[in-house]
Amino acid sequence: MLRATFKSLLSRKLRLLLSGLAVVLAVMFVSGAFILSDTLGRTFDSLFTNAYDYTDIQVQAKPKVDGGGDGGAVPANIQSTVVGKVAAVPGVAKATGTVAAEGARVVGRNGKVVGGAGGAPRFGINWTGEDQLISLREGRGPQASGEVALNAGLAKIGNFKVGEQVGVLTLEPKKTFTVVGIFGYAGGRDSIGGEQTVAFTEPVAQQLMLGATGVYNVIDVKVADKRDLTKVRDALRAEVGPSYQVDTGADLAKKQSDQIKKALSFVTYILLGFAAVALLVGVFLILNTFSIIVAQRTQELALLRAMGASRRQMIGSVLLEASLIGVVSWLVGLGLGVGIGSGGAFALAKLTGIDDVAGVGVPPAAWIVSFVVGVGVTILAALLPAFQASRVPPVAAMRQAGTADRPLTKLTAAGGVLAAGGGGALAFGLSGKAHDNTIWWVVGGVFVTFIAVALLTPLLGRPVVSVLGRLFAWSVAGKLGRRNSARNPRRTAITAAAMMISIALVTGISTIFTSVSSSVSKIVDQQVQADLIISGQQTSAIPPAIDPVALARVRALSTVDAVAGQAYGAAMIGGKSQFVAAFDDQAAAARILKLKPKIGRVDRLGAGEMVVDEATAKGRGWTIGDQVTIQLPRGEPRQLRVVGTYPSGPGAGGILLSWPDATAGFRTSTAVQAYVKLRPGAVTTAAKGEVDRILADSPEVNVATREEWLGNQTQIFDIVLTIVQVLLGVAMLIAVLGIVNTLVLSVLERTRELGMLRAIGLRRGQVMRMVTVESVVISLFGSLLGIAVGAGLGAAVVRALKDKGITELSLPWGLMVGYVVAGAFVGVVAAIIPAIRAARLDVLKAIAYE
Amino acid sequence: MTLTMGGAHRPGATRQSGAADTSGAAARAVDVWKVYGSGEAEVAALRGVSVGLERGRYTAIMGPSGSGKSTLMHCLAGLDSVTRGEVYVGDTLITGLGDRGLTDLRRDKVGFIFQQFNLLPTLTAEENILLPLSIAGRKPDRQWYDTVIDTVGLRDRLRHRPTQLSGGQQQRVACARALVSRPDVIFADEPTGNLDSRSGAEVLGFLRNSVRQFGQTIVMVTHDANAASYADRVIFLADGQIVDELREPTAEAVLDTMKNLDTMAAVA
C-alpha cells in the first residue's frame, strides 16, 4: 500500500507541486510572521539592554494623564527638591536630576525637520558632562544658553558641523543655537537605534523641553553597590511614594523594548492575514487536487479494492499522500519563511535606524504553528477526497473510466439551508431588532452566507458560466472552450471558488473602507467651512506647533475673514483618559466648524468653562451647569463648568475647553492646527501662497486648501486599501495555481477529443484559444461571483455601521472593474501552460490514446 | 509495384496486376517509406509503398496487425509524416508541409471516421456534424446537409448528445460529420471495430451508399474481411509492402487472401 502511494505521488508531480505551493505560501507567511517578530524582539532587547547598560536606577514622575492612545503620555516634571530626597536614600551613591524628553526637532538646511529613521525618537536633554555612556567626539559641551551639542548620528544625517547655527523646535517655536560639540555613545555608536539627541544647558533644556525652569523629568541614580540594586530600588519606591516610577536599567530596557515591539506588531498581523488568505484559498486547491486525483484513479482504486484493500487502507493511502505533500511543503515554506522573516526584520530594523540586527532564529512557535498549518490543513483538506476514494466500489474497475458528475442535490440543499440561515441573520441584524448586537448578527450572517455561496457555487456555475461563455462564442474555439467550462460544474465551481473567496474578501473589505472613507469625508466636508487649513506632520512626541506670531500675521491678512487655531491633548476625567481640544477663537471656530448649540451656548468660552457634544455628555451623565474635574497634562486638576452642548458627529466632537485653560494645561501652549476662513471674493490659491510664506519658519506645518486637506483625512484608508490589494495578489497567485491544475487535468482527460479536433482541422492556435477561453470563463465566473458576494456582504456590514456614523455606502467601482480585469488576466495566465500542452499534443498519439 | 502472390481465381473477384495508374487519384503515395528509430533499432513500417486511391471509389486497406496499414492511412491523411517518398492529396504534394498546412489540408480536403467515434460530448449530434465546417468557418450547404442527414437517418436525433445515442448512432453521426464538408477523401479507421454486427452492417452499407450515390471517395482500414467486402477494391499490406489487391471482392475472397498472407508469413 505504501509503495502504491509513493508511485502515485511520483506520477502526478506537476499537480502535487501546484497544490503544494499553496501550502508553501501559507507556511511561509505564518513562519515568517513568527520569525520576524522574534528577530525584531531580540534585536530591540539587545539594543535597549545596551542603552541602559550604564543606568542603575531611574526615578520618573508618573504622568498626570496617561496617553490612552491619544499621542502618548506626557512626562510629568520633578521638582529639584526631590533630587535631594533621592540622594539621601541609603545605598544611593549619586542622584542627578536630568532632562530627557522627546520632542527636540532640529531643522535642517532645507528648512525641514531633519529626517531620519521612521519612528526614531528626537530627544532634548540637559548636558551633564561626559560619562560612561556619553563621550564627546568633537568640540565641547554647551555652556551658554545659545549653545547645543548634537549626537553624532544626528550630526551625520543633517551634515552639521561644530560652529554651525541650527534651528531647533521644542515646546516653543523655532529657536536658533550654535553647535559647540558632537558626542557619541559607548561602543563607538553614533546613535542608539537611530535616535537624535540635542543637548542644551540645563536651564534651556528645562524651559524648552519641560516648559519650566528648575524642574527635571528623570533622576538618574547611581548605587554604591550594584548587588543592592533591587534593594535600593525598593527603598527609593518607599521614599518617593506612588506618584513616582522607580525602575532599574534592566526594567527600563524591557519596558522600552516591549513598547517598540508592540508598535511593530502590525507587521506580524499583516503577515498572519496573508497566511490566513493563502490557507483559505489553499484548502480549496488541495481539496480540488485530491478530488481530481481520486476521480482519475477510480479504476486503479477499484482494482486495489477488488484485490482486497480495505476502505481504511484506501483512506490511509490518500491521507498518507496528503501528509507527504504537507511535510514537504511545510519544510520548503519554513525555509522561505526564515527568508522573509529575517529579511523583513532586517528591513524594518533599518527603517528604524538600527544597524545590528539579531541573528536569525526559528522560535518554537514558528515550528509548531507552521507545522499545524502546513501538515494539518493539508490532511484536513484531503479528508473528503479520501472518503470519496474509499467509496469507490470494486466493480468500478470493470467499467469505463467515465467519471460522471455526481448530482449536486446534497450540496445545494446544504448551501440552501446555510444561505437561508445567513440571510436570516443578516435580515434580523439589519432590521434593527438586535439593538446593540446588530454588528454581531450582521458579521455572523456575512460569514454563514459566505460559506453558503461557496457551497452553492456549482449550482450558480451553470447559468453564469453559460451566459459568460456567450461572450466568447463568436469563434469555434471560443464555443468549444465555453462548453468545456460548463462540463464539470463541480470542478469548475471548486476552482472558481478559490477565486471567489479571495475577490469577495477584498471587495468586501474595500467596500467597507471606501464607505467609511467617503462617510468621513462627506461629514467633514459638510462641517468644515474653512477655505485653508494649516496643519502639521507630527514627527515627535510633541505635536507640531504653529508659531503664534505667524498665526497672528495670518489673521492680519486682508484676505482672511477669521482663523480658528486649535490645540488638543489628553486629559483625565473621572479616572478615564479623554481627548480634549480648545480653540483660540471660539466664535470663529463655532462659525467655521458649524457648531450649533443644542442647549446653552457654544460660541463663547471663558476660563473655567467648557462645552461638550451630546453623546459625550450623555455618556458621562453631564448637564448644563455641572462642574467637572479635569486633569490636564500640566498643573493641578481644574474645575470646569459645562455651559453648552452641541450635536455629536464624527467631524468635530468631544470636549472643548477655553483657550486660557488649554494653554495652561496642555503640553504645548500653541495651536497645532488652524482653520482659515477667507473673505468673500478672496482667491484661495493666492491666499494660500501668502500663508505659505508666513509659515516659512514653521517647518512642521503646511497650509492646504480644503480639498487637499480632505484628501489627507482619508489617506489612512488608502493605505489600508493598498494592503488589501497586496493580499489579493497573494490570493490570486494561489487561485492561478488552482486553475492551472484544473486545466491540466481537463487537457489530459480530453486527449482523444483534442486529437480528433486536430485531425479534423482545428489549428494549434485555435486549440490554445479554446483552452484559454475555458480558463477565462472559470476565472471570470469566480471574479464576478466574488465581486457580487463581497460587495453585497460589505454593504451589509456598512449598513450595520450606520449608527456609528458610516452613513454613506460607496462601492469601490474602480477597484471592482479592476478585479474583473485581473480575473480575466488570471484566466489568461493560468491557461498558458495547459494551452501549450494541449497545442503540442501529438495528433496520432492522441487518437490512439485510451 | 507488381504483385507476385499467387492465388486461385474466384468467381466475382477480378484480379488486377501491374502498375496502378495513379494520375487523377484522390490521394496517392509514391514510393513511401516510414522508418521508426535509427541504426540497430530501425524498424520500417512502410517500405516503398506506391498506391493511388481512385476518386469515387471505396478502397479498403487490409493486412495483419503490424503490416503498416494504419501507418499508410495516417501518412495518406496528413496525420503522420513519411521518411521518404511523396504523398499527394488531390494534386497537392503534402510531404514537407508544416503543421499549419497539414491542418488546413485535413480541414478542407479530408474527412475522418474513427473506431472510437470521437464525438464531442458537449455538442449535440447536429453540432458535431457541423463541427468541421465551423472550424473551417464555412457555411453548410443546406441541401447537401439535409441529404446527408436523411441518408444516415438521424433527423430525429439531431438534438441529442452523444451519450444519449447508441454506438451505431454515434458512428453514423461521425459518418455524417465526415461527409458534410464534402472532402476529397474520407479516411475511416476500423469504423466498425466498436460496433455490434448489425450496427456495423448499417454503417458499412451507408458508407458504400455514399460512394455509389454521391461519388464520395472513401479509404477504410480494417481487419474484418466482411467489412472489406463492402469496398470496391481491397489492398493487402504485409510487412510494410502492398502484396495483393482485389477488385469487387467477396468476403470469402478476402478471407482466402488473408489466409494466404498468413501462410506466406509462416513460411517466411
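A: Happy to. Chain A is divided into domain 1 (1-49 + 260-404), domain 2 (50-259), domain 3 (457-527 + 714-850) and domain 4 (546-697), with bounds from an automatic or database domain assignment. The centres of domain 1 and domain 4 of chain A, taken over C-alpha atoms, are separated by 56 Å.

A word on conventions: this is a predicted model, where local features need pLDDT of at least 70 and side-chain atom pairs count only at pLDDT 80 or more, while totals for chains, interfaces and linings use all residues. Residues are numbered from 1 along each chain as its sequence is written, chains are lettered from A and ligands numbered from 1 in the order in which they are written, and side-chain values use heavy atoms, with hydrogens and water left out.

Now to the interface. In chain A, 21 residues are in contact (heavy atoms within 4.5 Å) with 25 residues of chain B. The buried area between the two chains is about 2,300 Å², and carbon and sulfur atoms give 61% of that; this is the accessible area (1.4 Å probe) that two parts lose on being put together, summed over both. On the chain A side, A:Arg483, A:Ile760 and A:Arg763 lose the most area to chain B, together 29% of what that side buries.

A:Arg763 also forms a salt bridge with B:Asp104, with the closest N and O atoms 2.7 Å apart. The rule, a side-chain nitrogen of Lys or Arg within 4 Å of a carboxyl oxygen of Asp or Glu, finds 4 salt bridges across this interface.

Which elements contribute? Helix 13 (476-485), helix 22 (751-759), helix 23 (764-800) and helix 25 (843-848) of chain A each give two or more residues to the side that touches chain B; helices here are DSSP runs (H or I, at least four residues), numbered from the N terminus. Helix 22 of chain A gives the most, with 6 residues. By class, this side of chain A has 10 nonpolar, 3 polar and 8 charged residues. Here Ala, Val, Leu, Ile, Met, Phe, Trp, Tyr, Cys and Pro count as nonpolar, Asp, Glu, Lys and Arg as charged, and the others, Gly among them, as polar.
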